Amino acid sequence: MTSSKLYNAIFAAGISLILACLMIGVKLDTDGSTLAVKGATTEQWMWIFGGIAVVFLSQLFSAQVDALFGAIPKPNFQKVLPQGEKMAALKPWLISAVIVVMLIWPFMVSRGTVDLATLTLIYIMLGLGLNIVVGLAGLLDLGFVAFYAVGAYTYALLSQYFGMSFWACLPISAAMAAGFGFLLGFPVLRLRGDYLAIVTLGFGEIIRILLNNWTSLTGGPNGISGIAKPGLFGLEFNRRAKEEGAVTFHEYFGMDYSSSYKVIFLYLIAVLLVICVIYLINRLMRMPIGRAWEALREDEIACRSLGLNRTAIKLSAFTLGASTAGFAGCFFAARQGFISPESFVFIESAIILAIVVLGGMGSQVGIIFAAIIMTILPEMAREFAEYRMLLFGLLMVVMMRWRPEGLVPMKRPNLELKQQ
Amino acid sequence: MSQLLLDVNGLTMRFGGLVAVNGVNLKVKNRQIVSVIGPNGAGKTTVFNCLSGFYIPTEGSVMLKDEQIAGLKDYQISRKGLVRTFQHVRLFQKMTVIENMLVAQHRHMNTNLLSGLLKTPNYRRLEKDAMNHAAHWLEEVGLLEFANREAGNLSYGQQRRLEIARCMVTQPELLMLDEPAAGLNPNETKELDELIIKLRDEHEISILLIEHDMSLVMGISDHIYVIAQGTPLADGNAEQIKGNADVIKAYLGEE
Ligand SMILES: Nc1ncnc2c1ncn2[C@@H]1O[C@H](COP(=O)(O)OP(=O)(O)OP(=O)(O)O)[C@@H](O)[C@H]1O
Ligand SMILES: [Mg+2]
């Protein structure tokens, strides 16, 4: 018992030492015109050995560490909220209150904050989309960002080549992403678990490499710039109208120009889109198709024996998830005004997946919280710069120990049986 | 009245060199309880897998009401009215009892995305029908009070009953039960016995049963097939099987 613990601890410490030596301990640096291997500074070595000591001790006393994690209170969000009929009566008020706050709040804070909130909303959309695929249908998709890219590039290209407006492109982007989801899903969905994960991972990379190299269409690594911002019934949010004779928002309403109108307007669009997505997915989850997704995740063989066509059901989950990403992508392109393949790297897929896992697979509220944490935290941790990913990893480990079922685990709906 | 519902001829299933099922014939008439018995590893479950489309039989024909179903996909076969349970309970563990029942009615419900999103009257009506139908069958198997309980939290006997209810809600004509009494206590076995007879007599379906509990099998079966090592050994009614020397030998081993 204790000897196996000691062995574990030594092993873990050894692995940490090797990894730390390779990753932090030695560094390639230019020395004049040649490359030289440089060791870490004494201070860095102190940190490394400190870290290894932590690993060693936490392995050695893993039982005590577990007890420590167990002692951290787990706030039960479901308990905090009133239950049953009271909740049903309160819910519309709660939702309206949240929406009103969401609408008023941006007028009282700085531009940067509103911008960050918009970014958070994009991640919420992405998280909700991936939740259909991973959380509900149980299909591990590591290339979700590909559909996001398809949505973004669809709008960027249509806007650049045909001058189409954001609002017209929104459904087209979603449809394009859904189309790609369908195309990829068709051959791939008969694969299981790990294999599916690897193929989707590959697909994500293929799309990115394609965008990078198809220079004549996508501009390659230079990306596409000058993408039109969304307008309000034809009113632009620029200082001056792009075309002769067109009227801008501030001129129309006789206000002074302020660049924050544009930011707030984008934020409001994002709020609107997120509300739409939440409503739609909420409906889907309560519809036969949503239940079929979960049933497929629970037991595929039982589904088949009950006459469910698993290919069709998996495809629908994949396609609908992809179209949500396309939606988000279109908005992302409009918000940035500039996109390049750099925005659609694997780490984005990983972050979206982390949001789903952190939030609690299948739970919408959890995903919203997780998306907020995952976008705000990196902003607050800016000074840590290169250690941000390390923090991110630490957060995941702590979460998995503390609340493996996610922030807000999914709750089963209570269906009323109406008896005559 | 006693029309042929299922007619299996020369069913053979090979896994590489292993012949798991070898020329099995089965006949199930309307409103009949037919049992398949045999020692462990005889190939009974494999027969079920072939009939329900989980395996594609190497040889043989499977006729369901004059229609060849060998080679069809599993979900196509279950839509034709041939539904099965599993030797090891397969419920949607994390979903509630009522949700399990609704999933089984997937194809009877309105699966049109738009009408569901807009909650059209037609959609609501079908949803209500499905709920009522589910409630009806939960009542039949005595699980109505657990409707909103997670299926995984039910007792083993309740899970077995839920699995049968979940099959029945798909409105099958032939229900195939793979060792439904395994792991049940004598009381539960008796209830199961009554339930199976009720399904035949009141709901007018046929049942194909795999079971090791001989008193259950002998008590309720209209016809019994015995297979040993994949090969048909004997068939007949309970009396004939009980007195068959080959069957006794297969079960008790050579003297
Ligand atoms: N997919 C498969 N691949 C290879 N061999 C298989 C496969 N499925 C079943 N078999 C073999 O077929 C034989 C019959 O198995 P089967 O499960 O049908 O027996 P059974 O009669 O249901 O037994 P039990 O009473 O124990 O449930 C066994 O020898 C088994 O190993
Ligand atoms: Mg078996």
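Helix H1(B) gives the most to the shell around ligand 1, with three residues. Helices here are DSSP runs of H or I with at least four residues, strands are E runs of at least two, and both are numbered from the N terminus. Strand E2 (18–29) and H1 of chain B each supply at least two residues of this shell. The model is predicted: local features need pLDDT of at least 70, side-chain atom pairs count only at pLDDT 80 or more, and totals for chains, interfaces and linings use all residues. Side-chain values use heavy atoms, without hydrogens and water, residues are numbered from 1 along each chain as its sequence is written, and chains are lettered from A and ligands numbered from 1 in the order in which they are written.

Ligand 1 is surrounded by 14 residues. The closest are Gly41(B), Lys44(B), Thr45(B), Thr46(B) and Gln87(B). A residue counts as near if one of its heavy atoms lies within 4 Å of the molecule or strand. By class, the shell has five nonpolar, seven polar and two charged residues. Nonpolar covers Ala, Val, Leu, Ile, Met, Phe, Trp, Tyr, Cys and Pro; charged covers Asp, Glu, Lys and Arg; the others, Gly among them, are polar.

Polar contacts are pairs of N or O atoms within 3.5 Å; within protein, one must be able to donate a hydrogen and the other to accept it, and residues adjacent in sequence count only if both atoms are side-chain atoms. A polar backbone atom of Gly41(B) is 2.9 Å from an oxygen atom of ligand 1. For the side chain of Thr46(B), an N or O atom is 2.5 Å from a ligand 1 oxygen. Gln87(B) places a polar side-chain atom 2.8 Å from an oxygen atom of ligand 1. Taken alone, ligand 1 exposes 640 Å², and the protein buries 64% of that. Accessible areas follow the Shrake-Rupley method with a 1.4 Å probe; for residues, only the protein chains shown count as cover.

The magnesium ion (ligand 2) has Thr45(B) (OG1) and Gln87(B) (OE1) as protein donors, at 1.8 to 2.2 Å. Thr45(B) lies in helix H1 (residues 44–51) of chain B and Gln87(B) in the loop between strand E6 (82–84) and helix H3 (97–104), so the pair ties together parts 42 residues apart in sequence. Donors are N, O and S atoms within 2.8 Å of the metal (3.2 Å for Na, K and Ca); water is not among the atoms, so sites may look incomplete. Thr45(B) is partly exposed, at 25% relative accessible area. Gln87(B) is also partly exposed, at 28%. Buried means under 20% relative accessible area, exposed over 50%, and partly exposed in between (1.4 Å probe, protein chains only).

Chain A has 18 helices and four strands. Buried residues make up 43% of its 420 residues. Chain A exposes about 22100 Å², of which carbon and sulfur atoms supply 69%.

A polar atom of its side chain lies 2.6 Å from the backbone oxygen of Ala371(A). Not counting residues up to four places away in sequence, Thr375(A) touches Leu116(A), Thr120(A) and Tyr123(A) (contact: heavy atoms within 4.5 Å).
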